[in-house]
Amino acid sequence: MSAVNFALGALAGAAATAVAADAYPSMMPTLGLNRPQIELKYFDFAGAAEKVRFTLLMGGVSFKDTRVSFKEWAELKPTTKYGQLPEMYLNGETKPYAQSGAMLRFAGAITGLVPKDPIKALSVDEAIGLDEDLRREMRPSIVISYDQTIKPKEKARKIKELREKLVADQIPKFLSHFEQMLGNSDYLCGSSPTIADAQFLVTCRWLGSGVLDHIPADIMSKYPKITAFRERMETTPEIAAYLNKPK
Ligand SMILES: N[C@@H](CCC(=O)N[C@@H](CS)C(=O)NCC(=O)O)C(=O)O
């Protein structure tokens, strides 16, 4: 097991077993779906699964939030579909579904958090793409922190250099785009939440967590709309209950 495989997913996040209210939108029957039983299997941190968890929580869909320890992972890895998590299981079947982006869209479809209107859905995917671009910019400074071939002093210097550049250039560039996208709306794509908000909330919590050296925890404070957005999302009853659940 390589530490770098966790690097991009090792984001700040609450660990909790979430059981949301059992309220599916009316579109479920039109999709030909009975209420699926969902198990989402991932590590005990936010990482790639948190956007899916947030979406299911916001949509009031119950799911089994299985957390795998690093100790368990060595044994579990060879049994997984692609050697990675998250995996999703539906209706107690043994067949797993992989790829968090696919799970996000599935969760969005069953909760109504992906707009049915293709043009509105286009905007949602645009926001998701922008979030992914921001994360791509962060990647080199995360990956290097797990590189065992670089001497600690040189590594620390390189990480500082990369992160200071991110704080000066790329992060403000992307946050300004998101600030503008929010405009006078409560959410990234209008007056109601979507999967893009679930995904961007994870990024806001990560960047503002203070866990990344040289990225100040108050990096969002210059962006009042993003700050208000984060507050709005985190105080949504289902999300608040999840985030505040004692470990
Ligand atoms: N594209 C995949 C990436 C999944 C992924 O990178 N999973 C990492 C954790 S975030 C993992 O399972 N690492 C453990 C390993 O590779 O051994 C997704 O979005 O689901």
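Residues 24 or more positions apart make up 74% of the protein's contacts with a separation of 6 or more. Two residues are in contact here if their C-beta atoms, placed from the backbone, lie within 7 Å. This is a predicted model: local features need pLDDT of at least 70, side-chain atom pairs count only at pLDDT 80 or more, and totals for chains, interfaces and linings use all residues. Residues are numbered from 1 along each chain as its sequence is written.

Of the 247 residues, 34% count as buried. Buried means that 20 or more other C-beta atoms, placed from the backbone, lie within 10 Å of the residue's own.

The secondary structure comprises ten helices and four strands. Both are DSSP runs numbered from the N terminus: helices are H or I with at least four residues, strands are E with at least two. From the N terminus, the order of elements is α-α-β-α-β-α-β-β-α-α-α-α-α-α.

Start with the sheet. The four strands form an open, mixed sheet in the order S2-S1-S3-S4. Its edge strands, S2 (64-68) and S4 (96-98), each pair on one side only. The twist averages 25 degrees from one strand to the next, with axes fitted as lines to C-alpha atoms and angles taken from 0 to 180 degrees between N-to-C directions. Strands count as paired if DSSP finds at least two bridges between them. S1 (residues 38-43) and S2 run parallel, joined by five bridges.

Now the helices. H6 covers residues 118-143, which is 26 residues. At 1.5 Å a residue, H6 should span 38 Å, and its end C-alpha atoms are 36 Å apart, which agrees. The expected span is 1.5 Å times one less than the number of residues. H6 has a kink of about 30 degrees at Glu137, shortly before the proline Pro140. The bend at a residue is the angle between axes fitted to the seven residues ending there and the seven starting there. Val124, Ala127, Ile128, Asp131, Leu134, Met138 and Ser141 are the buried residues of H6. They pack against H7 (152-182) and H8 (195-207).

H7 also has a kink, of about 50 degrees, centred on Leu166. Leu166 is itself buried, and other buried residues of H7 include Ile159, Arg163 and Phe174. The buried residues of H7 pack against H6, H8 and H9 (224-234). Just after H7, Gly183 takes a positive phi of about 45 degrees.

Note on methods:
Buried ≥ 20, exposed ≤ 12 C-beta atoms within 10 Å, placed from the backbone.
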